[in-house]
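Begin with the overall layout and go on to the details.

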Amino acid sequence: MISAPKKPLPIRAHHGMCLAFFEGKGYSDGFTAHMGDVLHTLKEDTPIQVCREKDIICKACPNLQNGICASESIVNFYDDRVLELCELHPGQHMTWGTFSGLTADRILRPGLRSSICGRCQWDDICRRKNAMLFPESHSGF
Ligand code: SF4
């Protein structure tokens, strides 16, 4: 378990999308358990810092090598697109509720997710859940 954070939790921008559709699958058992804990910890009023580098989720990822994601260039692209569409800048502080709301309103509901990360290995899950949770989006396609 992750105890209630005193400092803002760093959340990589594109992880706003990953967390919206997480359903217990991930890069390793440890990673998946940790991501579930993070999701459980995040409440509407949890302070976060939106970032464009390793975050609380990356911390347990087997793809994190010497503090850098093995897919850094592609995930930086994801982060940049999310920041742009949500009109945020790296390092910005807000609550999890505000950030997840922006991600939903600016990306998931309008059906823009697949234009950002449509080639990700988890795309099938996110496409299905985007259509289920935001049926108005006709998205993920
Ligand atoms: S290290 Fe890379 S693959 Fe792993 S959670 Fe972070 S951004 Fe995703």
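Helices (H or I, at least four residues) and strands (E, at least two) are DSSP runs, numbered from the N terminus. The model is predicted, and local features need pLDDT of at least 70, side-chain atom pairs count only at pLDDT 80 or more, while totals for chains, interfaces and linings use all residues. Residues are numbered from 1 along each chain as its sequence is written.

The protein has six helices and five strands. Read from the N terminus, the order of the elements is β-α-α-β-β-β-α-β-α-α-α. The radius of gyration, taken over C-alpha atoms, is compared here with the globule rule, which is 2.2 Å times the number of residues to the power 0.38. For this protein the radius is 14 Å, close to the 14 Å that the rule gives for 141 residues, so the protein is as compact as a globular protein of that length. Along the principal axes, the C-alpha atoms fill a box of roughly 35 × 30 × 25 Å.

A residue counts as buried if 20 or more other C-beta atoms lie within 10 Å of its own, as exposed if 12 or fewer do, and as partly exposed in between, with C-beta atoms placed from the backbone. Of the 141 residues, 28% are buried. Two residues are in contact if their C-beta atoms, placed from the backbone, lie within 7 Å. Among the contacts with a separation of 6 or more, 74% join residues 24 or more positions apart.

The next topic is the sheet. Strands of a sheet pair through backbone hydrogen bonds, either parallel or antiparallel. Here two strands pair if DSSP finds at least two bridges between them. Three strands form an open sheet in the order β1-β2-β5, with mixed pairing. Its edge strands are β1 (9–12) and β5, each of which pairs on one side only. On average, neighbouring strands of this sheet are turned by 45 degrees against each other, direction ignored. The pairing of β1 with β2 (residues 47–51) is parallel and spans four bridges. In this pair, L9 has I48 as its bridge partner in β2, and R12 stands opposite C51 in β2. Helix α4 (residues 96–108) packs on the sheet and touches β1, β2 and β5, and its direction makes about 90 degrees with that of β5. For such angles, axes are lines fitted to C-alpha atoms, for helices over the stretch in contact, and angles run from 0 to 180 degrees between N-to-C directions.

L9 is found in strand β1 and is partly exposed, because 18 other C-beta atoms lie within 10 Å. Not counting residues up to four places away in sequence, L9 touches T46, I48 and I56. L9 and E136 are 127 residues apart in sequence and 31 Å apart in space, C-alpha to C-alpha. P10 also lies in strand β1, and it counts as partly exposed because it has 19 C-beta neighbours inside 10 Å. Leaving aside neighbours within four places in sequence, P10 is in contact with Q49, C51, D55 and I56. P10 and G91 are 81 residues apart in sequence, and their C-alpha atoms are 8.4 Å apart in space.

Two loop residues come next. Most residues other than glycine have a negative phi. N66 has a positive phi near 55 degrees and is not a glycine. N66 lies in the loop between β3 (64–65) and β4 (68–69), and it is exposed because 4 other C-beta atoms lie within 10 Å. E87, which is not a glycine either, has a positive phi of about 55 degrees. E87 is found in the loop between α3 (72–86) and β5 (93–95), and it is exposed because 9 other C-beta atoms lie within 10 Å.

Which residues are around the ligand? They are R12, I57, C58, C61, N63, L64, C69, S71 and V75, where a residue is near a molecule if its C-beta atom, placed from the backbone, lies within 6 Å of it. This shell divides into six nonpolar residues, two polar and one charged. Ala, Val, Leu, Ile, Met, Phe, Trp, Tyr, Cys and Pro count as nonpolar, Asp, Glu, Lys and Arg as charged, and the others, Gly among them, as polar.
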